[in-house]
Amino acid sequence: MMKLLVVATSNPGKLRELQAYLADSGWELTLKPEALEVEETGETFAANACLKASQIAQATGEWAIADDSGLQVDALNGAPGVYSARYGNSDSDRIARLLRELANSVNRQAQFACAVAIARPDGTIALESEGVCRGEILHSPRGEGGFGYDPIFYVPEHKLTFAEMSRELKGSISHRGQALTAVIPQLKILTENFRF
(Lines give C-alpha, C1' and ligand atoms only; values in the text may rest on other atoms or scores of the structure.)
Protein backbone atom coordinates (compact mmCIF):
# COMPACT_ATOMS: atom_id res chain seq x y z
CA MET A 1 0.00 0.00 0.00
CA MET A 2 1.28 3.47 -0.88
CA LYS A 3 1.80 5.85 2.00
CA LEU A 4 0.63 9.43 1.60
CA LEU A 5 3.22 12.23 1.65
CA VAL A 6 1.82 15.76 1.66
CA VAL A 7 3.97 18.24 -0.28
CA ALA A 8 4.07 21.62 1.46
CA THR A 9 3.26 23.61 -1.67
CA SER A 10 0.24 24.72 -3.72
CA ASN A 11 2.40 24.68 -6.86
CA PRO A 12 1.47 21.75 -9.18
CA GLY A 13 4.80 22.24 -11.02
CA LYS A 14 6.77 21.58 -7.85
CA LEU A 15 4.58 18.55 -7.12
CA ARG A 16 5.38 17.08 -10.57
CA GLU A 17 9.10 17.73 -10.04
CA LEU A 18 9.05 15.94 -6.66
CA GLN A 19 6.98 13.07 -8.10
CA ALA A 20 9.66 12.49 -10.72
CA TYR A 21 12.38 12.16 -8.05
CA LEU A 22 10.30 10.05 -5.67
CA ALA A 23 8.60 7.83 -8.27
CA ASP A 24 10.03 4.58 -6.84
CA SER A 25 9.99 5.57 -3.17
CA GLY A 26 6.74 3.81 -2.24
CA TRP A 27 5.05 7.11 -1.35
CA GLU A 28 2.09 8.79 -3.03
CA LEU A 29 2.52 12.56 -3.19
CA THR A 30 -0.30 15.07 -2.87
CA LEU A 31 -0.50 18.88 -2.66
CA LYS A 32 -1.21 20.52 0.69
CA PRO A 33 -4.74 21.87 1.20
CA GLU A 34 -5.01 25.30 -0.46
CA ALA A 35 -6.14 27.02 2.77
CA LEU A 36 -3.06 25.92 4.75
CA GLU A 37 -0.43 28.65 4.67
CA VAL A 38 2.86 28.56 6.56
CA GLU A 39 4.74 31.79 7.19
CA GLU A 40 8.43 31.34 6.38
CA THR A 41 10.03 33.01 9.38
CA GLY A 42 13.23 30.92 9.44
CA GLU A 43 16.62 32.54 8.88
CA THR A 44 17.95 29.60 6.87
CA PHE A 45 16.60 27.37 4.10
CA ALA A 46 16.75 24.39 6.50
CA ALA A 47 14.75 26.24 9.18
CA ASN A 48 12.04 27.18 6.66
CA ALA A 49 11.87 23.64 5.21
CA CYS A 50 11.46 22.17 8.73
CA LEU A 51 8.87 24.79 9.66
CA LYS A 52 6.76 24.05 6.58
CA ALA A 53 7.04 20.24 6.82
CA SER A 54 6.25 20.25 10.54
CA GLN A 55 3.22 22.56 10.34
CA ILE A 56 1.71 20.83 7.30
CA ALA A 57 2.19 17.40 8.93
CA GLN A 58 0.49 18.52 12.14
CA ALA A 59 -2.37 20.21 10.27
CA THR A 60 -3.08 17.21 8.01
CA GLY A 61 -2.12 14.35 10.35
CA GLU A 62 -0.01 12.89 7.51
CA TRP A 63 3.70 12.67 6.69
CA ALA A 64 4.83 15.86 4.93
CA ILE A 65 7.77 16.97 2.78
CA ALA A 66 8.88 20.56 2.27
CA ASP A 67 11.76 22.31 0.64
CA ASP A 68 13.09 25.82 0.74
CA SER A 69 15.60 27.13 -1.72
CA GLY A 70 17.07 30.25 -3.17
CA LEU A 71 19.97 32.02 -4.75
CA GLN A 72 23.01 33.14 -2.76
CA VAL A 73 25.33 35.62 -4.48
CA ASP A 74 28.86 35.85 -3.09
CA ALA A 75 29.37 39.56 -3.85
CA LEU A 76 26.05 40.38 -2.11
CA ASN A 77 27.04 38.51 1.09
CA GLY A 78 24.69 35.64 0.27
CA ALA A 79 21.69 37.79 -0.73
CA PRO A 80 18.95 37.35 -1.79
CA GLY A 81 19.14 34.02 0.15
CA VAL A 82 15.93 33.17 2.06
CA TYR A 83 14.36 36.30 0.53
CA SER A 84 14.90 35.07 -3.07
CA ALA A 85 11.17 34.79 -3.80
CA ARG A 86 10.43 38.12 -2.10
CA TYR A 87 13.13 40.10 -3.94
CA GLY A 88 10.55 41.59 -6.32
CA ASN A 89 6.97 41.13 -7.54
CA SER A 90 7.80 38.95 -10.54
CA ASP A 91 10.67 36.88 -11.94
CA SER A 92 11.67 39.75 -14.24
CA ASP A 93 11.57 42.23 -11.30
CA ARG A 94 13.75 39.95 -9.19
CA ILE A 95 16.28 39.43 -12.00
CA ALA A 96 16.41 43.17 -12.76
CA ARG A 97 16.98 44.02 -9.07
CA LEU A 98 19.74 41.42 -8.72
CA LEU A 99 21.53 42.61 -11.87
CA ARG A 100 21.20 46.22 -10.69
CA GLU A 101 22.69 45.38 -7.28
CA LEU A 102 25.56 43.42 -8.84
CA ALA A 103 26.09 46.18 -11.45
CA ASN A 104 29.60 45.73 -12.88
CA SER A 105 30.90 43.60 -10.02
CA VAL A 106 33.74 41.37 -11.22
CA ASN A 107 32.83 38.63 -8.74
CA ARG A 108 29.77 36.93 -10.28
CA GLN A 109 30.08 33.71 -8.22
CA ALA A 110 26.83 32.38 -6.78
CA GLN A 111 25.03 29.23 -5.75
CA PHE A 112 21.54 27.86 -5.64
CA ALA A 113 20.92 26.11 -2.31
CA CYS A 114 18.04 23.86 -1.29
CA ALA A 115 17.04 22.24 1.98
CA VAL A 116 14.50 19.39 2.16
CA ALA A 117 12.72 18.24 5.32
CA ILE A 118 10.31 15.36 5.94
CA ALA A 119 8.07 15.43 9.02
CA ARG A 120 6.14 12.69 10.81
CA PRO A 121 2.37 13.17 11.29
CA ASP A 122 3.03 14.59 14.79
CA GLY A 123 5.23 17.30 13.27
CA THR A 124 8.61 15.98 14.40
CA ILE A 125 11.29 16.06 11.71
CA ALA A 126 12.29 12.59 10.48
CA LEU A 127 14.73 13.49 7.69
CA GLU A 128 16.67 16.49 6.41
CA SER A 129 19.07 17.06 3.53
CA GLU A 130 20.66 19.92 1.63
CA GLY A 131 22.01 20.43 -1.87
CA VAL A 132 24.06 23.15 -3.55
CA CYS A 133 24.80 23.98 -7.18
CA ARG A 134 27.60 26.50 -7.83
CA GLY A 135 27.60 28.81 -10.80
CA GLU A 136 27.83 32.45 -11.76
CA ILE A 137 25.50 35.31 -12.58
CA LEU A 138 25.42 36.53 -16.18
CA HIS A 139 25.01 40.21 -17.13
CA SER A 140 21.76 39.45 -19.00
CA PRO A 141 19.20 36.60 -19.16
CA ARG A 142 19.64 33.63 -21.52
CA GLY A 143 17.22 30.80 -22.29
CA GLU A 144 13.47 30.24 -22.20
CA GLY A 145 13.10 27.37 -19.72
CA GLY A 146 12.93 27.14 -15.96
CA PHE A 147 11.68 29.89 -13.67
CA GLY A 148 12.93 32.43 -11.16
CA TYR A 149 16.60 33.27 -11.56
CA ASP A 150 17.26 30.39 -14.00
CA PRO A 151 17.96 32.66 -17.05
CA ILE A 152 20.89 34.43 -15.31
CA PHE A 153 22.34 31.43 -13.41
CA TYR A 154 25.16 30.02 -15.55
CA VAL A 155 26.89 26.70 -14.86
CA PRO A 156 30.40 26.86 -16.42
CA GLU A 157 30.91 23.05 -16.60
CA HIS A 158 27.89 22.78 -18.90
CA LYS A 159 28.26 26.20 -20.59
CA LEU A 160 24.53 26.75 -20.10
CA THR A 161 22.18 28.69 -17.85
CA PHE A 162 19.55 26.72 -15.91
CA ALA A 163 17.00 28.21 -18.37
CA GLU A 164 18.90 26.69 -21.34
CA MET A 165 19.18 23.18 -19.88
CA SER A 166 16.92 20.23 -20.56
CA ARG A 167 14.72 19.31 -17.61
CA GLU A 168 16.76 16.10 -17.18
CA LEU A 169 20.13 17.87 -17.06
CA LYS A 170 18.91 20.57 -14.69
CA GLY A 171 17.30 17.89 -12.50
CA SER A 172 20.51 15.90 -12.25
CA ILE A 173 22.77 18.81 -11.22
CA SER A 174 20.42 21.25 -9.50
CA HIS A 175 20.41 22.07 -5.80
CA ARG A 176 16.92 20.55 -5.42
CA GLY A 177 17.99 17.45 -7.34
CA GLN A 178 20.97 16.97 -5.03
CA ALA A 179 18.93 17.49 -1.86
CA LEU A 180 16.25 15.03 -3.02
CA THR A 181 18.77 12.47 -4.24
CA ALA A 182 20.36 12.56 -0.79
CA VAL A 183 17.03 12.03 0.98
CA ILE A 184 15.67 9.17 -1.20
CA PRO A 185 17.77 6.31 0.30
CA GLN A 186 16.85 7.51 3.80
CA LEU A 187 13.18 7.66 2.81
CA LYS A 188 13.31 4.07 1.52
CA ILE A 189 14.87 2.89 4.82
CA LEU A 190 12.14 4.76 6.69
CA THR A 191 9.47 3.04 4.57
CA GLU A 192 10.97 -0.41 5.23
CA ASN A 193 11.42 0.13 8.99
CA PHE A 194 8.04 1.64 9.79
CA ARG A 195 4.74 -0.15 10.01
CA PHE A 196 2.35 2.63 9.16
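Biologist: What share of the 196 residues in the protein is buried?
Modeller: Buried residues make up 46% of the 196. Buried means under 20% relative accessible area, with a 1.4 Å probe and protein chains only. This is a predicted model, where local features need pLDDT of at least 70, side-chain atom pairs count only at pLDDT 80 or more, and totals for chains, interfaces and linings use all residues. Residues are numbered from 1 along each chain as its sequence is written, and side-chain values use heavy atoms, leaving out hydrogens and water.

Biologist: How many helices and strands?
Modeller: The protein has five helices and seven strands. These are DSSP runs, numbered from the N terminus: helices are H or I with at least four residues, strands are E with at least two.

Biologist: What order do the strands take in the sheet?
Modeller: The order is β2-β1-β3-β4-β5-β6-β7, in an open sheet with mixed pairing. Two strands pair if DSSP finds at least two bridges between them. The edge strands, β2 (27-31) and β7 (160-161), each pair on one side only.

Biologist: And how do β4 and β5 run?
Modeller: They run antiparallel, joined by 11 bridges. Ala110 stands opposite Gly135 in β5.

Biologist: Which strands does helix α2 touch?
Modeller: Helix α2 (residues 45-60) packs on the sheet and touches β1, β3, β4 and β5. Contact means heavy atoms within 4.5 Å.

Biologist: New topic. Where is Thr161?
Modeller: Thr161 is in strand β7.

Biologist: Why does Thr161 count as buried?
Modeller: Because its relative accessibility is 0%. Leaving aside residues up to four places away in sequence, Thr161 touches Leu138, Arg142, Asp150, Pro151, Phe153 and Tyr154.

Key
Axes fitted to C-alpha atoms, helices over the stretch in contact; angles between N-to-C directions. Buried < 20%, exposed > 50% of the residue type's maximum accessible area, 1.4 Å probe, protein only.
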